[in-house]
Amino acid sequence: MRPEDCESVRALSLFRDMDATTFEELVAAAYLQRFPAQIELIKEGDPADFLYIMVEGCVELFSSANGRESTMAMVRPVSTFILAATIKDAPYLMSGRTTEPSKILLIPSDDVRHAFAVDEAFARAIVVELANCYRAVVKSMKNLKLRTSVERVANYILRMQVRAGGASELELQIGKRTLASMLGMTPENLSRAFAALQAHGVTVEGRRIMIDDGERLARYAKPTRLIDDPAG
């Protein structure tokens, strides 16, 4: 593991305050691997053998039932995923696959649970991380249940704009089919939502999104920190 990769992982809030020796033991037991695109890393229902940390690339978390499949989240560096299953020693509730060439650190779950038991700072950080994950799930449910499909797309675009520093021209980093699934709609409904947003200051051409009137879009979308703020 390169020193810069180790520093990136150490900088995560989950590992930042833990004992240096405990962190070194975790890293020593870990595997840093490269994966090509479209590789299934985990399968829902399987035991959680590893905690995964995205170093480079992107992973799509998804779930399937009764012949249907839905995208649950997109994971980008530097961040962890499948923490709850690791701590509980429980089966994965989601599957995960790379959407582009990725570099991922795999830490054996047994070592993570041992560190949780002996390192108070690490245990506190895990509680905070799981609390953040819970709040993110609640916000996602509120987004799905309290907004129309067009409002969900409008707020997704506004969140993209915030991450892009307020730029008026954006580019989707994921396919439209994946985006539709993540927002709880069909690809046809997503196309209709993009068309409807033309009346609210948005133009979509392929993966390019032009925000012609950000204030008009915000008046329609009505973003709120109780749903849209990723830090709260």
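## Close-up views of a predicted model

**View 1. The largest nonpolar core of the model.** Of the 24 residues that make up the largest nonpolar core, V153, I157, L179, F194, L197, I209 and L217 touch the most other members. At least two residues of this core come from each of α6, α7, α8, β8, β9 (208-211) and α9. Helix α6 provides the largest share, with seven residues. The structure shown here and in the following views is a predicted model. In soluble globular proteins, nonpolar side chains tend to be buried together. Apart from this core lies another, of 21 residues, which includes V9, L26, L51 and I126.

**View 2. F194 and the buried face of helix α8.** Helix α8 spans residues 187-196, and its buried residues are L190, A193 and F194. Seen down the axis of α8, these buried residues fall within an arc of 100°, so they line one face of the helix. They pack against α6 (149-163), α7 and β8 (202-205). Leaving aside neighbours within four places in sequence, F194 is in contact with V153, I157, L172, K176, L179 and V204. F194 is also one of the residues that touch the most other members of the largest nonpolar core.

View 3. M182 belongs to helix α7, which covers residues 176-182. When residues up to four places away in sequence are not counted, M182 touches T71, M72, A73, M74, Y156 and I174. M182 and T71 are 111 residues apart along the chain, yet their C-alpha atoms are separated by 4.8 Å.

**View 4. The three-stranded sheet β7-β9-β8.** Three strands form an open sheet in the order β7-β9-β8, with antiparallel pairing. The edge strands, β7 (169-171) and β8, each pair on one side only. On average, and with direction ignored, neighbouring strands of this sheet are turned by 20° against each other. Strands β7 and β9 run antiparallel and are joined by three bridges. The bridge partner of E171 is R208 in β9. Strands of a sheet pair through backbone hydrogen bonds, either parallel or antiparallel.

**View 5. The hairpin of β3 and β4.** Strand β3 (residues 50-65) runs antiparallel to β4, and seven bridges join the two. S64 stands opposite E69, a residue of β4. Two residues lie between the strands of this hairpin, and N66 in the turn has a positive phi of about 55°.

**View 6. The cis peptide bond between P77 and V78.** The peptide bond that leads from P77 to V78 is cis, with omega near -20°. V78 is placed in the loop between β4 (68-75) and β5 (79-81).

View 7. D5 is a residue of helix α1, which covers residues 3-10. Its relative accessible area is 5%, so D5 is buried. The side chain of D5 makes a polar contact with the side chain of K103, at 3.1 Å. Leaving aside neighbours within four places in sequence, D5 is in contact with L32, V55 and K103.

View 8. Q38 is not a glycine, although its phi is positive, at about 65°. This residue is found in the loop between β1 (31-35) and β2 (40-42). At 55% relative accessibility, Q38 counts as exposed. D89, likewise a residue other than glycine, has a positive phi near 55°. The loop that holds D89 lies between α3 (83-88) and β6 (95-108). The relative accessible area of D89 is 51%, so D89 counts as exposed.

View 9. D213 caps the N-terminal end of helix α9 (residues 214-221), with a side-chain oxygen 3.4 Å from the backbone nitrogen of E215. K222 follows α9 and has a positive phi, near 50°.

Notes
Residues numbered from 1 in each chain as written. Predicted model: local features only at pLDDT ≥ 70, side-chain atom pairs only at ≥ 80, totals over all residues. Heavy atoms only, no water. Helix = DSSP H or I, 4+ residues; strand = E, 2+ residues; numbered from the N terminus. Contact = heavy atoms within 4.5 Å. Buried < 20%, exposed > 50% of the residue type's maximum accessible area, 1.4 Å probe, protein only. Arc of directions from axis to C-beta. Polar contact = N/O pair within 3.5 Å; in protein donor to acceptor, adjacent residues only side chain to side chain. Pairing = 2+ DSSP bridges. Core = buried A, V, L, I, M, F, W, Y, C linked by side-chain atoms within 4.5 Å. Axes fitted to C-alpha atoms, helices over the stretch in contact; angles between N-to-C directions.
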